[in-house]
Amino acid sequence: MAQKFYVVWSGRQTGVFTDWATTFVSVDKHPGARFKAFPTRSEAEHAFRAGAPKRASTVRGDKTKSSSELRDRHIAHQYEVSIYCDGACEPNPGNAGSGVVVYREGKLAELWYGLYNPAGTNNTAELNALHQALLMAEVEIDTDRTVEVCSDSQYAIQCVRDWAPGWEKRGWKKANGEIKNLELIQACYEIFQRIEADLNLNHVAAHVGTEGNELADRMAMHGSQKKEAEWRQYKETMDIPTLLKMRVG
């Protein structure tokens, strides 16, 4: 497992830590605890010096599991559920499909694909995928699991997390023209508002070997190629090397 570095901006102890068990002791049931994981020490140290971002992780108050439970589960995996989502469109605009991958306790659990649109775009495919991921995340959060949603689309994430609040205040309008894909954005934002406090929404780089991102890409392309309009669970054998040999989006 790759080393992770944990930044605690607000907790019983603050700083950069190299294991989840120590981090958890610092933030467990600490009012207003703020923390986040980073892949490298340099990123973690830079983030600590820069101060807590607006949406750093928080511990969920009285719903937080016991210290021993979370240590057992999270030393290996920071979140109990990780959901990766991606869209594909070929050409753009053209044949679009979406894909979602679900990991539970760090193990591949589910693959989903579909929402084919013969006149879609990469952005609509990404938003459709994020919408499905947020729906799944809400279900998992309601069962008291820690959840992250990962997308390689800065556009989709910024629409929902950064831009939608301002657009909503202005009556879903922006100064320099129409908001494209408005209905999809509103659908995502409606869910995001309900679960924002308990959700880690993360951007991941595309096609750099992150397994969840690569598999979500394959599922999105699979939905596009199959022209599958419905949202379907992939029922074939989930052999990761074989899945990664599928068509890249």
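**Exercise 1.** List the residues that Ile83 touches, not counting residues up to four places away in sequence.

*Solution.* The model is predicted; local features need pLDDT of at least 70 and side-chain atom pairs pLDDT 80 or more, while totals for chains, interfaces and linings use all residues. Residues are numbered from 1 along each chain, and side-chain values use heavy atoms, without hydrogens and water. Contact means heavy atoms within 4.5 Å. With that cut-off, Ile83 touches Val100, Val101, Val102, Ala133, Met136, Ala137, Val147, Glu148, Val149 and Cys150.

**Exercise 2.** Find which residues of the largest nonpolar core touch the most other members, and which element gives the most to this core.

*Solution.* A nonpolar core is a set of buried Ala, Val, Leu, Ile, Met, Phe, Trp, Tyr and Cys residues joined through side-chain atoms within 4.5 Å; buried means under 20% relative accessible area (1.4 Å probe, protein chains only). The largest core has 34 residues, and Ile83, Val100, Leu130, Val149, Ile185 and Leu199 touch the most other members. Elements supplying at least two residues each include strand S4 (81-90), strand S5 (94-104) and helix H6 (182-195). H4 gives the most, 8 residues.

**Exercise 3.** Describe how H4 and H5 pack.

*Solution.* Helices are DSSP runs (H or I, at least four residues), numbered from the N terminus. H4 (residues 122-142) and H5 (residues 154-169) pack at about 60°, their axes 9 Å apart; axes are lines fitted to C-alpha atoms over the stretch in contact, and angles run from 0 to 180 degrees between N-to-C directions. The contact is made by Asn123, Glu126, Leu127 and Leu130 of H4 with Tyr155, Ala156 and Val160 of H5.

How values were computed. Buried < 20%, exposed > 50% of the residue type's maximum accessible area, 1.4 Å probe, protein only.
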